[in-house]
Amino acid sequence: MKRTSVLLAAVALLIGWQIAAWMVNRPILPPPLEVLTIFATEIFGELGLDFLASLGRVVASMALAVATAVPAGLALGQMPALNRIFSPVIYILYPIPKVVLVPVILLFLGISDLAKVVIIFLILFFQILVLVRDQAAALRAELVASVRSLGAGRRALFRFVYYPASLPAILTALRQSIGTAVAVLYVAELFATQRGLGYYIYLHGSTLFDYPRMYAGVVAMSLLGLGLYFGVDWLQRRLCPWQFAS
Amino acid sequence: MIEVDGLAFHYPDDTAVFEGFSWRVAPGEAWAVLGLSGGGKTTLLYLIAGLRLPVQGTVRIGGEPILRPRPQTGLILQDFGLLPWATVRDNVALGLRIRGFYGPDGKHAPAGEAVTARREITQAWLDRLGLSRVADSFPGQISGGQRQRTAIARTLSLQPDLLLMDEPFASLDAPTREDLQNLTLQLRAETGLTTVVVTHTIEEAALLGAQVLLLGQLPNRTAHIIPNPGGADPAFHTSPRYTKACALLRRELEAVR
């Protein structure tokens, strides 16, 4: 995607928002300038802290998911016998919308940060697991044999074959599931917490009826999702240039 | 160089491929292994490469039993041997990087000599095989012939004393194939490598092997060897004896069907 077209799209959306605000003409839809002004000041105060809290939870979940799902996916992809045992279990668990587990996890882990991290982790884990497994299973035996013939043992195979082979799968899985992860984070932050963008939006919208601030929170949450998406996209272009070479 | 003694090997479905099979290859010899599909050609190559282990008997190279891939043995496969995510240059450098990764431990890399000047060695092989122009391309962007040249450069940059090739040129068009066959013979002549080329093509066996090992009906019990005195010489291709050699190999191959 070209940078100018992305910018143009953003400007078009802002214009659409402004027109909608004029037409609605009520406090529940403040114009973009008002919201963005509040956003610009708040982001250095309360909103910024809530943004960081949410960002921290997503990043921690991503790290945890990558650290566990990648080895598991590689093992399943390279050991068909193991995959035969686990694949029905994954088949059943994969499509369950993990957001319905929010109350269950809160019951077990309480209102801690850990509970929120675990919920997002579950979404990312299965996505990465399945993609890395399929990528590892698609690795040609000939490729592994010829790299072994160059002297590679287990460690070098991991470094020179399995790791780079699973990189696109990891990044694709992250890119695909970031939207869901941020959405579920919002839900998770509605429950029993005093930090995070979900809480910020809920507090200003439903308790204080401060709509411009609520919208500033919505903008922050959107930017969080967008920023993570573009970040992963950028990483994929940097780390996997062969995927983009024609 | 290679000593195969009393070798037995079975496919996973228990079909016996080799049973009490013995074979000798002396240093510097050029061998072609000819046979029909499923006749055990690739299996034999993988056993010599240390990628499969015999059920019985031994494979020894230079007196050492082969229990894992040996650092001085090079292996080139028909296809899929290159890392799709690495450039031609990085693919050529891969063997040297793996040696650097372990250091000269005698197990993954030859003992005693650490890899130095990786860049220079890599560049020299890129130049030698005419790959400099595509050095920064990925395997998916170059021709099949260039891919096999990359595989050859990667293997030879490790200075092997034994080169094993499994149908190396089978997926290439005829001019590219001839070109690479000649290149292989040239490099053989320059380096004094021992070569074992597995092929299902009579013409390729006649050209690349000064001796031809014929594998036929399973299980292979005895090494069926056909001397091919003119082989492994680029000029042989145009000599009248070449046609005769091909006809002889064809008759022998028919006989084991």
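**View 1. An open sheet of four strands in chain B.** In this predicted model, four strands of chain B form an open sheet in the order β2-β1-β4-β5, and their pairing is antiparallel. The edges are taken by β2 (16–25) and β5 (64–65) of chain B, each of which has a single partner strand, so one side of each is left without a neighbour in the sheet. Strands of a sheet pair through backbone hydrogen bonds, either parallel or antiparallel.

**View 2. The pairing of β1 and β4 in chain B.** Strand β1 (residues 2–10) of chain B and strand β4 (residues 56–61) of chain B run antiparallel and are joined by five bridges. A reader who wishes to follow the pairing residue by residue may begin with B:V4, whose bridge partner in β4(B) is B:V59.

**View 3. Helix α1 of chain B on the sheet.** Helix α1 (residues 41–49) of chain B packs on the sheet, where this helix touches β1, β2 and β4 of chain B, and its direction makes about 120° with that of β1(B). The helix α1(B) is mostly covered, since eight of its nine residues are buried. The buried residues of α1(B) are B:K41, B:T43, B:L44, B:L45, B:Y46, B:L47, B:I48 and B:A49. Just after α1(B) comes B:G50, which takes a positive phi of about 80°.

**View 4. Helices α3 and α6 of chain A.** Two packed helices are described by the angle between their axes and the distance between the axes. Here the axes of helix α3 (residues 46–78) of chain A and helix α6 (residues 113–137) of chain A come within 6 Å and cross at roughly 30°. Because angles under 35 degrees count as roughly parallel, α3(A) and α6(A) are therefore described as roughly parallel to each other. The crossing of α3(A) and α6(A) is right-handed, and the residues of the contact between these helices divide into 21 nonpolar, six polar and five charged.

**View 5. The contact between chain A and chain B.** The contact takes 18 residues from chain A and 23 residues from chain B. On the side of chain B that touches chain A, the elements that give two or more residues are β6 (73–76) and α2 (88–102) of chain B, and α2(B) gives the most to this side, with six residues.

Methods
Residues are numbered from 1 along each chain as its sequence is written. Chains are lettered from A and ligands numbered from 1 in the order in which they are written. This is a predicted model: local features need pLDDT of at least 70, side-chain atom pairs count only at pLDDT 80 or more; totals for chains, interfaces and linings use all residues. Two residues are in contact if their C-beta atoms, placed from the backbone, lie within 7 Å. Axes are lines fitted to C-alpha atoms, for helices over the stretch in contact, and angles run from 0 to 180 degrees between N-to-C directions. Angles under 35 degrees count as roughly parallel, over 145 as roughly antiparallel, 65 to 115 as roughly perpendicular and the rest as oblique. A crossing is left-handed if the near helix is turned anticlockwise from the far one by less than a right angle, and right-handed if clockwise. Ala, Val, Leu, Ile, Met, Phe, Trp, Tyr, Cys and Pro count as nonpolar, Asp, Glu, Lys and Arg as charged, and the others, Gly among them, as polar. Two strands pair if DSSP finds at least two bridges between them. A residue is buried if 20 or more other C-beta atoms lie within 10 Å of its own, exposed if 12 or fewer, and partly exposed in between; C-beta atoms are placed from the backbone.
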